[in-house]
Amino acid sequence: MKLLVSLIILLLTFTVGQAQIDDRLSEIQNQLDSLSTINKGLTEKLDANIDLNEVTLSNFLLAVSNVHNISINIAPKLNQINITNNFSDVTTVTNVLMFLCKEYHLNIEFTGNILSIKPHIPIQEDKTYPFAIDFNPNNETIAIDTKGNNLYDVFKRIMDASAKNLMYAPGMENLKITSYIKTTDFDTAMDKIALANNLTLTKTKDDFYIFDTIAANNETSKNRSLQNRLNPNLSFKVLNKNAQLLDVDFIDTPISTIIRVAKDSLDLNIFMASPLEQAGNVTLKTKAITFDDLLVKIFEPQVTINLSNEDNNSSSTSSNRNSNRQENTTAPTSYTFKKEGDIYFFGTTNQLSVRKVEIITLRHRSVNIMSDPESMVTNNNVRDNFVTADQGFRNQTNYNNGTNLNRSQNYNNQNAQLTNQESRSILDIVPEEIKQGLDFKVDFELNNIYVTGTSARIEFFKSFIQNIDKTIPMILIEVMIVEAQTTNTLEAGVSWGIGDAPVTTQGGLFPTTDLTLGAQTINKIINGFSNTSVFNFGRVVPNFFATIKAMETNGDLKIKSTPKLATLNGHKASFSNGQTSYYAIVQRNVIGNDNPQVSEIRNYFPIDAKLGLDIKPYVTGDKQVLLDINVIQSSFGQRIADDAPPDINSRNFSSVVRMKDQDIAILGGLEENYKNNSGSGVPFLARIPILKWLFSKRVREARKSKLTVFIKPTVIY
């Protein structure tokens with residue numbers, strides 16, 4: 001079966017070739033026949049005198065041209081052909097020429113009546129495959145059909161159709177490309193072309209497709225010049241040269257390469273105190289960054305906290321993000337930079353040429369952290385009043401005895417606390433990782449911080465300070481304190497008695513009745529009843545008296561206080577309004593044994609009753625206000641003795657509320673209710689209706705007190 005197929009293919013090939021030859025000879029025959037009508041020499045019989053014994057084809061044709069008067073141009077290559085044929089005299093010149101064309105593969109070109117005879121050169125068939133490229137710009141897809149086409153032709157057609165840039169290494173333009181890819185996305189098609197034709201493909205950040213040949217096993221990477229010059233991990237574009245604004249995309253790129261490319265692109269002045277080949281690699285991508293900020297990010301310090309298991313103490317060591325990894329026994333080398341004028345210095349952190357001094361001035365806040373004012377609520381309850389007085393008495397006793405240790409110690413402790421509060425600076429709230437490796441001095445008078453260290457660490461610290469150097473909100477707190485008191489007293493009844501001496505009738509009748517009747521007045525009343533009745537009621541003794549009370553008292557008292565307080569965010573504001581009273585403490589000392597003498601010392605100590613208010617505001621990020629509120633209200637009561645401390649009625653509450661700016665918070669509920677319903681009288685008679693008012697006395701008393709606090713915060717920037 002295979003043999004049969006092979007014979008058929010061979011026969012078809014021979015047939016096609018023979019047909020092409022017949023077509024060529026037929027065309028020559030037609031041309032000679034047409035020319036023979038003009039040139040009769042073509043139809044003449046060949047002259048028998050022409051010698052054909054071992055002559056060259058060119059000499060034979062020259063003889064024919066001379067004998068038969070035919071214009072023939074002979075190609076020089078025909079001198080290399082010898083003929084030995086013996087043509088008969090019946091053969092025409094046309095037949096001879098046709099025989100020679102067929103026998104020796106000659107071709108005749110006709111120019112008028114001139115015949116140019118030359119070797120026949122077969123027309124080479126164009127076997128180039130008609131490749132096709134179909135690109136759809138709407139969805140970025142492409143279809144490719146190539147078979148053995150030159151790389152230059154294929155890539156040129158792809159670039160013309162897609163408007164994308166394809167590059168290849170020198171010498172690859174005649175490389176044969178074969179690929180048949182149905183419609184797919186452009187990047188996938190390029191990758192498969194490279195895969196199918198033993199090529200490498202690299203797409204750069206600026207969307208160039210770079211093709212190169214794959215190196216053989218015996219080739220070194222140095223021979224691949226295009227691949228060596230191409231760095232796909234470094235994309236560097238200058239957006240504004242004057243402002244040094246860059247668009248960068250680094251993927252594990254050496255820092256030394258970044259500095260070198262930036263120097264050439266921005267025309268920078270650079271001083272290298274130490275080479276940066278060991279500085280490490282960086283991965284960074286950003287659309288817009290200045291060169292100075294780029295250096296800060298590259299050399300930004302990174303602090304590693306090492307925990308020791310032996311002593312459970314933590315220690316921090318500073319290193320750079322770009323430092324090379326080394327063994328724990330060797331300290332890593334850290335690199336940094338410094339800028340002076342328009343010169344950039346690069347080197348290790350321990351080199352003086354890259355260290356600098358920076359003065360940082362805070363614009364919106366103080367370098368000194370201010371402490372809160374003294375609280376008006378703390379240490380103002382009832383127990384603390386007496387504890388304070390007792391401590392004062394003990395201090396005075398020790399002072400009189402010559403021992404003033406406690407008093408001096410307390411005084412020193414208070415001074416130490418005040419000193420610590422006043423010496424706190426903003427550095428106390430900066431994390432240790434940010435301050436690592438820097439030296440600081442704080443100038444409270446000029447509100448400055450003086451920093452010494454490497455440029456990268458200083459810029460890192462400066463960036464943090466600038467982020468927290470914000471305007472601290474001020475909160476205006478409007479407070480309205482309202483205390484309402486309502487009293488109601490009803491007292492009625494009659495009391496009888498005998499005094500030490502006669503009593504004169506006196507007292508008031510209206511609007512309140514409080515009347516005392518003497519014996520004389522009472523006898524007159526009794527005589528009046530006796531004269532109008534059959535009974536004689538008698539008389540009372542001269543010292544007899546009677547008291548009649550019938551009165552009602554109502555009262556409303558409202559006390560309003562409207563203080564306004566202002567404080568910074570996170571700091572306490574205090575308000576106090578009160579009264580101070582004193583009580584006595586008597587100290588008696590016995591001096592001597594045989595003839596003892598008693599000395600008495602009377603000391604007066606203060607005790608306070610006040611209305612105190614402490615508010616600490618916090619402003620949140622959404623402009624709401626958190627208020628930490630403490631309120632205390634205390635008042636004096638009765639004394640059990642003239643020199644004894646008074647009773648203190650105390651009310652206090654604490655609350656944390658959240659509210660919007662300029663909203664009003666109402667804090668109330670501090671109510672005090674007092675009721676008293678008491679009476680006295682003669683048994684049994686005090687219960688008889690109507691008569692009970694003559695033989696009893698009753699008191700009804702009610703008192704109500706309520707404290708309400710209104711608070712309105714206003715945030716001011």
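How close do the axes of helix 7 and helix 8 come, and at what angle do they cross? The first legend answers this; the model is a predicted one, in which local features need pLDDT of at least 70 and side-chain atom pairs count only at pLDDT 80 or more, while totals for chains, interfaces and linings use all residues. Residues are numbered from 1 along each chain as its sequence is written, and side-chain values use heavy atoms, with hydrogens and water left out.

**View A. Helix 7 against helix 8.** The axes of helix 7 (residues 255-266) and helix 8 (residues 291-298) come within 12 Å and cross at roughly 170°. Axes are lines fitted to C-alpha atoms, for helices over the stretch in contact, and angles run from 0 to 180 degrees between N-to-C directions. Helix 7 and helix 8 are therefore roughly antiparallel to each other (under 35 degrees counts as roughly parallel, over 145 as roughly antiparallel, 65 to 115 as roughly perpendicular, the rest as oblique). From helix 7, Ile 255, Ile 258, Ile 259, Ala 262 and Leu 266 meet Phe 291, Leu 295 and Ile 298 of helix 8. Helices (H or I, at least four residues) and strands (E, at least two) are DSSP runs, numbered from the N terminus.

View B. Strand 12 (residues 234-240) and strand 13 (residues 245-254) run antiparallel and are joined by six bridges; two strands pair if DSSP finds at least two bridges between them. Ser 235 has Asp 249 in strand 13 as its bridge partner. The hairpin of strand 12 and strand 13 has four residues between the strands, and Gln 244 takes a positive phi near 55° there. Strand 13 also pairs with strand 15 (residues 281-290), in the antiparallel sense, over seven bridges. Thr 253 stands opposite Val 282 in strand 15.

View C. Seven bridges join strand 7 (residues 141-150) to strand 9, and Ile 144 stands opposite Ile 181 in strand 9. Contact means heavy atoms within 4.5 Å.

**View D. The sheet 8-11-10.** Three strands form an open sheet with mixed pairing. Strand 8 (165-168) and strand 10 (199-203) are the edge strands. Strand 8 runs parallel to strand 11 (residues 208-213), with four bridges between them; Met 167 has Ile 210 in strand 11 as its bridge partner. Helix 4 lies across strand 8, strand 10 and strand 11, at about 160° to strand 8.

View E. Glu 358 is in strand 20 (residues 355-361). At 13% relative accessibility, Glu 358 counts as buried (under 20% relative accessible area; exposed is over 50%, partly exposed in between; 1.4 Å probe, protein chains only). Beyond its neighbours within four places in sequence, Glu 358 is in contact with residues including Ile 449, Tyr 450 and Lys 462.
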